[in-house]
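Please look over the model below before reading on.

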Amino acid sequence: MNKSTHFSGTPIIKQVLKFILPTDISRTAKRFNSDKYYKTFKTYEHLVTMLYVTMSGISSLREISTVLLACEGRISHLNLKHFPKRSTLSDANAKRSSEVFGCYLCKII
């Protein structure tokens, strides 16, 4: 029997991202001053990356960067301009306050 490799419907991550508006994230980031030292990896991109990581079950920074670079053409629905390198993601996780994400997500729920 011939199986189809074409998927239909909207990916789950895209359905989740419909509820998260970039304008609201940038407003929250401005309030917490979380984009102060970042030129390309903004708070919204960090949130999208971490949601993808959580839903994929990825557990290490090396695995994150490998998966994102390997799937670069297939995950265009994430609307990321740049896929973060391992060091960029490590710096963002260490320096960016988690209160930015907690404040916004508590507002949604």
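## Confidence

pLDDT is the predictor's confidence in each residue, on a scale from 0 to 100. This is a predicted model. The protein averages a pLDDT of 82. Of its residues, 87% score at least 70.

Helix α5, residues 86–95, has the highest mean pLDDT among the elements, at 90. Helix α6, residues 99–108, has the lowest, at 71. Where pLDDT is low, the predicted coordinates should not be read in detail.

## Fold

The protein has six helices and zero strands. Along the sequence the pattern reads α-α-α-α-α-α. The protein counts 109 residues, and 33% of them are buried.

## The largest pocket

The largest pocket has a volume of about 220 Å³. Its lining consists of 14 residues. Closest to the pocket centre are T40, K42, Y44, E45 and K81. Two elements, α2 and α3, each give two or more residues to the lining. The largest share comes from α2, with four residues.

What is the make-up of the lining by class? Four residues are nonpolar, five are polar and five are charged.

K30 lies in helix α2. K30 counts as exposed because its relative accessibility is 70%, and the cut-off for exposed is over 50%. In sequence, K30 and V100 are 70 residues apart. In space, their C-alpha atoms are 9.4 Å apart.

N33 is found in the loop between α2 (22–32) and α3 (43–56). Its relative accessibility is 46%, so N33 counts as partly exposed. That class runs between the 20% and 50% limits.

The backbone of N33 also deserves a look. Most residues other than glycine have a negative phi. Phi of N33 is near 60 degrees, a positive value in a residue that is not glycine.

## Aromatic rings

How many aromatic pairs does the structure hold? The count is zero. R96 lies over the face of Y38. The distance from R96 to the ring centre is 4.3 Å.

Notes: Residues are numbered from 1 along each chain as its sequence is written. This is a predicted model: local features need pLDDT of at least 70, side-chain atom pairs count only at pLDDT 80 or more; totals for chains, interfaces and linings use all residues. Side-chain values use heavy atoms; hydrogens and water are left out. Buried means under 20% relative accessible area, exposed over 50%, partly exposed in between (1.4 Å probe, protein chains only). On a 1 Å grid over the protein atoms alone, a cavity is a set of points where a 1.4 Å probe fits but cannot get out, and a pocket is an open set with protein on both sides within 12 Å along at least five of seven lines; lining residues have an atom within 4 Å of a point. Grid points are joined across faces, edges and corners, and a volume is the space filled by probe spheres set on the points. Ala, Val, Leu, Ile, Met, Phe, Trp, Tyr, Cys and Pro count as nonpolar, Asp, Glu, Lys and Arg as charged, and the others, Gly among them, as polar. Rings of Phe, Tyr and Trp (its six-membered ring) pair if their centres lie within 6.5 Å; planes under 30 degrees apart count as stacked, over 60 as edge-to-face and the rest as tilted. A charge sits over a ring if NZ of Lys or CZ of Arg is within 6 Å of the ring centre and within 35 degrees of the ring normal.
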